[in-house]
Amino acid sequence: MSKPIVLIAEELSPATVDALGPDFDIRSVDGTDRPALLAALANASAVLVRSATQMDAEAIAASPQLKVIARAGVGLDNVDIKSATTAGVMVVNAPTSNIISAAELTVGHILSLARHIPAAHGSLAAGQWKRSKYTGIELYEKTIGIIGLGRIGALITARMQAFDTRVVAYDPYVTAARAQQLGVTLLPLDELLAQSDFVTIHMPKTPETTGMIGTAQFALMKPTAFIVNVARGGLIDEDALYAALKSGRIAGAGIDVFVNEPPTGSPLLGLDNIVVTPHLGASTDEAQEKAGVSVAKSVRLALGGELVPDAVNVAGGVIDSSVRPGIPLMEKLGQVLAGLASAPLTSIDVEVRGEIVAFDVSVLKLAALKGVFSNIVSESVSYVNAPLLAEARGITVRLVTDATSEEYRNLLTVRGALSDGSEVSVSGTLTGPKQTEKIVEINGYDVEVPIAEHLIVMIYTDRPGIVAIYGKEFGEASINIAGMQIARRNAGGQALSVLTVDSPVSEELLQKVRTAIRADLLREIDITQ
């Protein structure tokens, strides 16, 4: 029998080819040559890419035998995950390959800003000798503010503490115990900005975090402070950053990522108090080799029919057909749990009840954790790093199974304990011949709501007229309510309302509704389909 064809579409390290081994017919193509790529994909079982090759719907459609797309890196902007999933093609990446490189680049930007290294180099290279112009500052005893205390944030913490700095952090998903373990003081975002001499941001890019540092936030910072972003373009409002740098509202910035890349014509590039790099967070020999070797191992697993921990869309491997439909449901339940949490999680119980516990359901725990962290950390989340993300945050995780499920054939639950002593939970099941995904419980309230892209969950004191109030507010804002269900335990007590809506809802509107109905809980939860 002929060997499966593995296509390498961009230059990867020799170690990548070595990691693939002798079991495949390894071929190369220039992924930027579109006709050549499409022709080569016709017989490929796997394709390895970096960032230049576009694996879009057209490329996937041209690949009838394709089983896996492997991105040798973290970002997946050049891979159409939805089309791949629909076609049954696994997508894998290397989620932890660049964390050290990104952390070290952040430190490099901080040092460059403190000592004016790029500007001083340019001046001297131009034949000038201006020592006094480039007088800098020491890091010793300065305050470093880290926004996002995930794995990269923790690495930066350790490195900056070696300079005898004080490290403070803002991360709503990190417990005080974990921060104490790292030697970090947790602060609200406004206080962190006001106290820090250097601010570095390491958050995921979501609708909530896009533009999270803007004019109002710069106004809180010291005029001597610097800000660094090597995480995601768009976390900092670039217009507001330009105004803050131009006016001297802050002292400087180090930027590796931009809204548009390359940032051709950006006014930021003309300022002398900014250090810019062309998205170099993962651009080290070590990170590239780790990424290549990691995805090569994933390709071997995928084509061998084994479980692939780094799969970002489907969990491959020897998973029973009865368990497999629960994977995407459990991932979405994890996302809902994270959206409901009003304080950092301290423990997570993944509960599986019903007939499927006769099989190995351990992948469902991984799926739940992947869902929990998918929108709250800056790293790409996969089945392999999700448990590590929980461990890094001091979150204990248990898998609980029970063959008895009284109301449903199978019931999946994710239950979380929060640092403020409260608990949140969400349960779901699959119903009917189409295996429709439904939420059947939230925080102890019985509901039955099909999972949609946009959910609004409200808890309030039940009384006449409440539905009319929030219905009017959403209607006037042109937010269409596609479905609604209300659950309560007793008349006049607490009620839980779940709405599915057709479009995202602004925080301003949510706050307006929250005030109007005096809600104890009102959250919009966006589900990554």
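## Basis

The model is predicted: local features need pLDDT of at least 70, side-chain atom pairs count only at pLDDT 80 or more, and totals for chains, interfaces and linings use all residues. Residues are numbered from 1 along each chain as its sequence is written, and side-chain values use heavy atoms, without hydrogens and water.

An open sheet is built from four strands in the order 20-21-19-22, with antiparallel pairing. Strand 20 (481–488) and strand 22 (521–526) are at the edges with a single partner strand each, so one side of each has no neighbour in the sheet. Strands are DSSP runs (E, at least two residues), numbered from the N terminus; two of them pair if DSSP finds at least two bridges between them.

Strand 19 (residues 454–461) pairs with strand 22 over six bridges. Ile 459 has Leu 521 in strand 22 as its bridge partner.

## Helices across the sheet

Helix 13 (residues 326–340) lies across strand 19 and strand 22, at about 145° to strand 22. Helix 16 (residues 466–476) lies across strand 19, strand 20 and strand 21 (494–501), at about 155° to strand 20. Helices are DSSP runs (H or I, at least four residues), contact means heavy atoms within 4.5 Å, and angles run from 0 to 180 degrees between N-to-C directions of axes fitted to C-alpha atoms, for helices over the stretch in contact.

## Cavities

The largest cavity holds about 60 Å³ of space. Its lining includes Asn 229, Glu 238 and Leu 268. A cavity is a set of points on a 1 Å grid over the protein atoms alone where a 1.4 Å probe fits but cannot get out; lining residues have an atom within 4 Å of a point. Grid points are joined across faces, edges and corners, and volume is the space filled by probe spheres set on the points.

Methods:
1 Å grid on protein atoms, 1.4 Å probe; cavity = no way out; pocket = protein on both sides within 12 Å on 5 of 7 lines; lining within 4 Å.
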